[in-house]
Amino acid sequence: METRQRTPARERLTDAAYAEVVSGGWADCRMADVAAAAGVSRQTLYNVFGSKEGLLQAVVVREVGALLDDVMRVLEAEGSNPVHALGRSTVLVLSSAERNPLLRAVVTGDRELLPVLTTRSAPLLDVLVERIAATLRANLPHLEPSLAEAVADVSTRLTVSYTLQPIGLDEAARRVETVVHGMLLGSSPSRQGDTPNGSRR
């Protein structure tokens, strides 16, 4: 994920690209057109983002920033029960994808848009996984770091897959909870009868 400080030119470029994505014109959009709409040169665009794909990824990452903050609030509020927290987070992400015009365009869009959430989705997935894993470690200090990362990675990838192929919010949440529950219990053989938040079933 890019760490360079955002500049006014970067902001204008991402705004212009956002407009193209939600209008459905991204596939035929030229970088010269985006640069012109932002009031900068095409060379400036390439200096900042490197490529058309880099620009699209930056737009998506910016758009999901608020969603990530909402997910973190859920995880922090219910951090002692990660199963329920990640289930609620799944519902939040899926319902937001239904409402958000950019995420909806990515999910239902053409071959240039879809890879942002699939084969070339590292920037977006990395942010989700890192922040979820950090929250799990903070709320469950006994949890091995490798397991926290694995739980974060699996739950994130499941949620993304259900964004691409919806199965219903409640069912998606139930499946994520089932997988997370099994991973957490499996890490502690002496507590196979316990739920992940420490209560007996």
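Predicted model: local features only at pLDDT ≥ 70, side-chain atom pairs only at ≥ 80, totals over all residues.

**Notes on the first helix and its neighbour**

Then I went back along α1 itself. It runs over residues 8–23, so I was looking at 16 residues by the DSSP runs. From first C-alpha to last, α1 reaches 23 Å, close to the 22 Å expected at 1.5 Å a residue.

Next I looked up which residues of α1 are buried. I found A9, R10, L13, T14, A16, A17 and V21. They sit on the same side of α1, because they cover an arc of only 160° around the axis. On the face turned away from the buried side, I noted the exposed residues P8 and S23.

How do α1 and α2 pack? Helix α2 covers residues 31–38, and the two pack at an angle of about 125° with their axes 8 Å apart. That makes α1 and α2 oblique to each other. I wrote down their crossing as right-handed. On the α1 side the contact is made by R12, L13, A16, A17 and E20, and on the α2 side by V34, A35, A37 and A38. L13, A16 and A17 were already on my buried list.

Last stop was the loop between α1 and α2, where I found A27. Is A27 buried or partly exposed? I put A27 down as partly exposed, because its relative accessibility is 35%. Its C-alpha is separated by 6.5 Å from that of E112, though A27 and E112 are 85 residues apart along the chain.

Note on methods: Residues numbered from 1 in each chain as written. Heavy atoms only, no water. Helix = DSSP H or I, 4+ residues; strand = E, 2+ residues; numbered from the N terminus. Expected span 1.5 Å × (residues − 1). Buried < 20%, exposed > 50% of the residue type's maximum accessible area, 1.4 Å probe, protein only. Arc of directions from axis to C-beta. Axes fitted to C-alpha atoms, helices over the stretch in contact; angles between N-to-C directions. Parallel < 35°, antiparallel > 145°, perpendicular 65-115°, else oblique. Left-handed = near helix turned anticlockwise from the far one by under 90°. Contact = heavy atoms within 4.5 Å.
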